[in-house]
Amino acid sequence: MKLESLKPASGATKNRKKIARGQGSGKGGTATRGHKGAQSRSGYSRKIGFEGGQMPLQRRVPKFGFKNNNKIVMKPLNLDDLQALSEAKKLTEITPEILRENGLAQKSDRIKVLGRGELKAKLTVKAHKFSKTAQEAIEKAGGTASVEK
């Protein structure tokens, strides 16, 4: 077998219909585009979702619900996460910068400390928000919880 002798199996390929090659081809004249209208012109491109003047699906389907564009999304962080971080890194103060350095938060994250877990270490915690249980637990352990802007 030689490379130059290879060819597709019979019936696997089909010749393309040649259009706009004169009247004798059977596809001359309008070149299968019909008479007049936008689709017969060169350079025509249909808008996405256009359904020939029929009301598009996107507009026919009923809409419901509400999406608040001004919602402030908080990154949740629990007391057990703070305890584990303080034990691993021997920290007494936890700030958003320290959390970012240790991969617990992203640069744009606003941090809310939640009350899951137990806090044994005396920590100074700075975050954007605290739950009541988290603030009480931090103060009970002898630390302070301060809100950062």
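Accessible areas come from the Shrake-Rupley method with a 1.4 Å probe. In this predicted model, the accessible surface of the protein chain comes to about 12,200 Å². Carbon and sulfur atoms hold 51% of that surface. Buried residues make up 20% of the 149 residues.

The overall dimensions were examined next. The radius of gyration of the protein chain is 34 Å, whereas a compact globule of 149 residues would have one near 15 Å. Along the principal axes, the C-alpha atoms fill a box of roughly 95 × 55 × 25 Å. Among contacts with a separation of 6 or more, 41% join residues 24 or more positions apart.

Charged side chains were also counted. There are 33 positive and 13 negative side chains in the protein chain. The centres of these two sets lie 24 Å apart.

The secondary structure consists of four helices and six strands. Read from the N terminus, the order of elements is α-β-α-β-α-β-β-β-α-β.

Strand 3 spans residues 110-114. Its pairing involves strand 1, residues 74-78, in the parallel sense over five bridges. Within this pairing, K75 has I111 of strand 3 as its bridge partner. Strand 3 also pairs in the parallel sense with strand 5, residues 129-130, over two bridges. Here V113 stands opposite F130 of strand 5. I111 and V113 both belong to the covered face of strand 3. The uncovered face carries R110, K112 and L114.

Definitions and conventions: Residues numbered from 1 in each chain as written. Predicted model: local features only at pLDDT ≥ 70, side-chain atom pairs only at ≥ 80, totals over all residues. Heavy atoms only, no water. Buried < 20%, exposed > 50% of the residue type's maximum accessible area, 1.4 Å probe, protein only. Pairing = 2+ DSSP bridges. Rg over C-alpha atoms; globule rule 2.2 N^0.38 Å. Contact = heavy atoms within 4.5 Å. Lys, Arg positive; Asp, Glu negative; His and termini not counted. Charge placed at Lys NZ, Arg CZ, Asp CG, Glu CD.
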